[in-house]
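Morning, everyone. Let me put the structure up, and then we'll walk through it.

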Amino acid sequence: MLTLHHLEYSQSFRILWLLEELGEPYELKLYNRDPETNLAPSDYKALSPLGTAPVVTIGTLVLAESNAIIDYVLDSHPDSTLAPDPGDKDRARHLFWYHAAPGSFMPLQSIAMVLGLLETRAPWPISSLLKSVFGQVRKMFLNPRNEALLNLMEEDLGKQAFFGGDYLTGADITLVYPMYAARDKGVFDRGYPNIHAWFERIEARSAFKSARAKDDRERITFRFTN
């Protein structure tokens, strides 16, 4: 049986939701973050090849990385609509957003987080020149790319209900982490009605509600540190 080693406030919520959508039998082992460092406990880091969430075990197999786990689990569910077949009209759309989450959206958020940490928590004074460089990085790289991505999300969700197309796919599941992280930062406060409607649709799903209950959180909140 698959065991999901679930770290609170982490990307492993994706896998919890995936398993609930599939009705896959699994064992859930919960881990809390260190209250001082906000990092994963040592027993979790010892289990994960990279010391990061998520991680699953199946017998002697230990597998990390969200999309790798999603692909591996869906391989044993060939009839699931969570992975559109080759030739499906929404196959390309699904693949784009499935890979845009770790390939584009999360790197942009990670870079922004690192810049913010350097500005506010660096153990040395940040020079005016370095602050200017950070500002240029945001102006010329981060903000335009992020805005383009958000606008494309809004456009696509205006055409079809989910990132994967007409129905929920692994694309929506892998995007749930950066989407909630962005919402917590107020990224969608400036509008984006189609994106807000997507949040409402996934939150109405019984499997999402079940995953949320097992996560034991009243509100979905994610952290980028492991």
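Start with one pair. In S4, Leu61 is the bridge partner of Ile58. Keep in mind that this is a predicted model.

Now widen the view. Strand S3, residues 55-58, runs antiparallel to S4, and four bridges join the two. They belong to an open sheet of four strands, ordered S2-S1-S3-S4, with mixed pairing. Which strands stand at the edges? Strand S2 (26-31) and strand S4 (61-64) do; each has a single partner strand, so one side of each has no neighbour in the sheet. On average, neighbouring strands are turned by 20 degrees against each other, direction ignored.

Helix H1, residues 13-22, packs on this sheet. H1 touches strand S1 (2-7), S2 and S3. The direction of H1 makes about 140 degrees with that of S1.

Next, the helices. H5 covers residues 128-159, 32 residues in total. From first C-alpha to last, H5 reaches 45 Å, close to the expected 46 Å. Where does H5 bend? At Arg138, by about 40 degrees.

H5 also has a set of buried residues, among them Phe134, Leu142, Asn146, Leu149, Leu150 and Met153. Glu154 and Asp156 are buried too. The cover over the buried residues of H5 includes helix H4 (91-121), helix H6 (170-184) and helix H7 (193-203).

One last stop, in helix H4: Ser110. Is Ser110 buried or partly exposed? Partly exposed, because its relative accessible area is 27%, and buried would need under 20%. Ser110 and Pro178 lie 68 residues apart in sequence, yet 9.9 Å apart in space, C-alpha to C-alpha.

Key. Residues are numbered from 1 along each chain as its sequence is written. This is a predicted model: local features need pLDDT of at least 70, side-chain atom pairs count only at pLDDT 80 or more; totals for chains, interfaces and linings use all residues. Side-chain values use heavy atoms; hydrogens and water are left out. The expected span of a helix is 1.5 Å times one less than its number of residues. The bend at a residue is the angle between axes fitted to the seven residues ending there and the seven starting there. Buried means under 20% relative accessible area, exposed over 50%, partly exposed in between (1.4 Å probe, protein chains only). Contact means heavy atoms within 4.5 Å. Two strands pair if DSSP finds at least two bridges between them. Axes are lines fitted to C-alpha atoms, for helices over the stretch in contact, and angles run from 0 to 180 degrees between N-to-C directions.
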